[in-house]
Amino acid sequence: MKYQIEWDDQVREIDAQCDPLGREWKLRFSDGKIVEARVETLEEGAVLRLITGGESKTITLLPGNRAGAPVRFLLDHSLLELDVLDPIDLITREVRSGPEASGHHPVLSVMPGIVRKLLVAPGDEIESGSPLLILEAMKMENEIAATVSGTIEKIEVSEGDAVAAGAVLLIIDMKE
Amino acid sequence: MSKQSAQQIRRVLVANRGEIAIRIFQACRERGIESVAVFSEADASAPHRYAADEAVRIGPAPPAESYLRFDKLIEAALRTEADAIHPGYGFLSENANFARAVEEAGLIFIGPTPEQIESMGDKVRARELMGAASVPVIPGTDSPIDDKKTLQKEAKRIGYPLLLKAAGGGGGKGIRRVDQKKDLISAWERTRSEAQAAFADGRVYIERFLSPSRHIEAQIVGDGDGSVWFLGERECSLQRNHQKVLEESPSPVIDDEVRAKLRAAAIAGAAAIHYRGAGTMEFLYNESTREFFFLEMNTRLQVEHPVTEMVSGIDLVGMQLDIASGKKLEHDPELPLRGWSIEFRICAEDPYRNFIPSTGQIRALRIPHAPFCRIDGSIREGLEITPYYDPMLAKAIVWGENRDQAVERLSALLSRLRIGGIHTTVPLGIELCNQDWFIAGQFDTSTLESWLQQRSEEKLQPDTLQLVSAVIARHALGTARKQTSPASPGGGAWGKAARTEGIRNPLL
């Protein structure tokens, strides 16, 4: 099975083989290095004990891991977060990577919250960094700013609306 | 130490939610006092609703329509024949008008007198009063700022960076740092509207921003007749965005000599106003000059009160109930404090994505059973975390003979605590317990933020072991998900369940 790990602008490919129970591992790096490891599953699958090179390490899998999101875990007591693509991710990605998005830039809510105040109206010219609206979540007011320049094309929410994370707040017609 | 039977409390309504409501119900239960919960529509299935003897629905989800409604709370108390209201922390806990309305309705307000809340809650006046009691205070405006002209004039006089603070605020809410003139007005407007929403009081004043120092606070309890207890200090310097993240008692930098001065200042200040109930004097402490400045007094129970309880063996909520029932105290007794206690706040936030609130369902929960550990919380499996309220879910509190033992104990506790389905700050706590600067007790109010900043900027350069771990972690997560690779059925019980039943591990 080919895995691909990405960070910053680097990519490493690892060819990993394991037995059907995921206990005995053999990982081959692109430079030819081979690592053998044994894995024990503990605590209802949330913790893995990794034994390799005579050392025993604890991998604590953290909640909130979703398909497509970086893999997040504690290796002993340090957090690691890496984009690891498994064979399925690699296929899915090929299918998805189409032409770049058009000039219509949706602004998505990064958090669930309540729209407190709209600071722009359709037709407004905005610069990257311009405040767009105030989103309140868990008692704090957060200013959502534009990451592109252009014209406000459409506003999808009203003041007082509760929005989910990932909801489209408004659409910006990007400048050429 | 006689109880006035006329004031004997039989039933307490707690005008709050979450872990603190549950904490107070328990103190009532221990004293044979009945308890009444209130809940908003969003909290219809929240744990606190079911933790009291009775529960009353008080309105829609937004706090302004439920937990901040005087009329509904008092009506609920009268209807359920409660004779006292405990405000908890946050919400109306430092609202003098509420305390007054409670008393006017013939009920006992478990807390200070309305006048005391007013004078200490008005941060400007509090500084005056403390100054008069010879407690050093931080420079700032003499009155709240109501117009832009005065705002700009005062900001110029005090200088940047400065802090905009809600006069009626507390608990780290309603504070904004302003570094430059151009940000002043928008920050002021934001702070005002936040303060209005959170405390129903939109007044904002300016205080000079002091360079990094320690946030040290003194716990006191007064009986209302001038007798005051000092229950040691708490170290609350580990903050992010003015929100405390981890607190401990004692402080690693306060020695007996400084503690004696803190004690004298706190006792003098509280005794001067005949303070009634539990309160906290907050100070900024400069380690190099060994000076402390009065910041403000919180006229309520604090989130971090358990660390004081752990080292003093004194039930602070119990004392609040006793004092509200008329109990009198001996003035400034020697109270033995023993060992070390640390509290870590577990919040529904993603500590590695700029603390974005994480809402959703708690799909699985594993609370470890461990000695000298206490978890105050309001969580259960299946609970939906909504965006309406404070993100704090629970507090992990430990006690140890000394600081090292307490740190190890906290690390061990957090590493077995699992809250599945949402992001929480638990992994941050585990990481903190393993940082050299934290273990050495060397930090100030800026340390946590700069550490977080630094770690977010660090160039990732994973070594072989880390890459191997990442592949194995990815594989384990893949098998915990629905779609497993046909080529690799995956291991473990969850892998098998995922394949055969199409379910995923709720812990992940």
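**Exercise 1. Find which strand of chain A joins S10 (residues 113-118) by two bridges, and then follow S10 to another partner.**

*Solution.* 
Step 1. In chain A, strand S10 (residues 113-118) runs antiparallel to strand S15 (residues 162-163), and two bridges join them. Helices (H or I, at least four residues) and strands (E, at least two) are DSSP runs, numbered from the N terminus. Two strands pair if DSSP finds at least two bridges between them.
Step 2. Opposite A:Ile114 you will find A:Ala162 in S15(A).
Step 3. S10(A) is also joined to S12(A), by four bridges and again antiparallel. Here A:Lys117 has A:Ile134 of S12(A) as its bridge partner.

Before going on, please note that this is a predicted model, in which local features need pLDDT of at least 70 and side-chain atom pairs count only at pLDDT 80 or more, while totals for chains, interfaces and linings use all residues. Residues are numbered from 1 along each chain as its sequence is written, and chains are lettered from A and ligands numbered from 1 in the order in which they are written.

**Exercise 2. Trace the hairpin formed by S12(A) and S13(A).**

*Solution.* 
Step 1. Strand S12 (residues 131-137) and strand S13 (residues 140-145) of chain A run antiparallel, with six bridges between them.
Step 2. Pick out one pair: A:Leu133 has A:Ile144 in S13(A) as its bridge partner.
Step 3. Two residues lie between the strands of this hairpin, and in the turn A:Met138 has a positive phi of about 45 degrees.

**Exercise 3. Describe the barrel of chain A.**

*Solution.* 
Step 1. Go around the strands in the order S1-S2-S3-S4-S5-S6-S7-S8: these eight close into a barrel with antiparallel pairing.
Step 2. On average, neighbouring strands of this sheet are turned by 35 degrees against each other, direction ignored. Axes are lines fitted to C-alpha atoms, for helices over the stretch in contact, and angles run from 0 to 180 degrees between N-to-C directions.
Step 3. Look at one pair in detail: strand S2 (residues 10-18) and strand S3 (residues 24-29) of chain A are joined by five bridges. There, A:Ala16 is partnered by A:Leu27 in S3(A).

**Exercise 4. Work out whether chain A is compact or spread out.**

*Solution.* 
Step 1. Chain A contains one helix and 16 strands.
Step 2. Its radius of gyration is 22 Å, well over the 16 Å that the globule rule gives for 176 residues, so chain A is more spread out than a compact globule. This radius is taken over C-alpha atoms, and the rule is 2.2 Å times the number of residues to the power 0.38.
Step 3. Along its principal axes, the C-alpha trace of chain A spans about 65 × 40 × 25 Å.
Step 4. Chain A is divided into domain 1 (2-95) and domain 2 (104-174), with bounds from an automatic or database domain assignment. The centres of these two domains, taken over C-alpha atoms, are 37 Å apart.

**Exercise 5. Characterise the side of chain A that touches chain B.**

*Solution.* 
Step 1. Contact involves 56 residues of chain A and 60 residues of chain B, where two residues are in contact if their C-beta atoms, placed from the backbone, lie within 7 Å.
Step 2. On the chain A side, strand S8 (residues 78-85) gives the largest share, six residues.
Step 3. By class, this side of chain A has 37 nonpolar, 10 polar and nine charged residues. Ala, Val, Leu, Ile, Met, Phe, Trp, Tyr, Cys and Pro count as nonpolar, Asp, Glu, Lys and Arg as charged, and the others, Gly among them, as polar.
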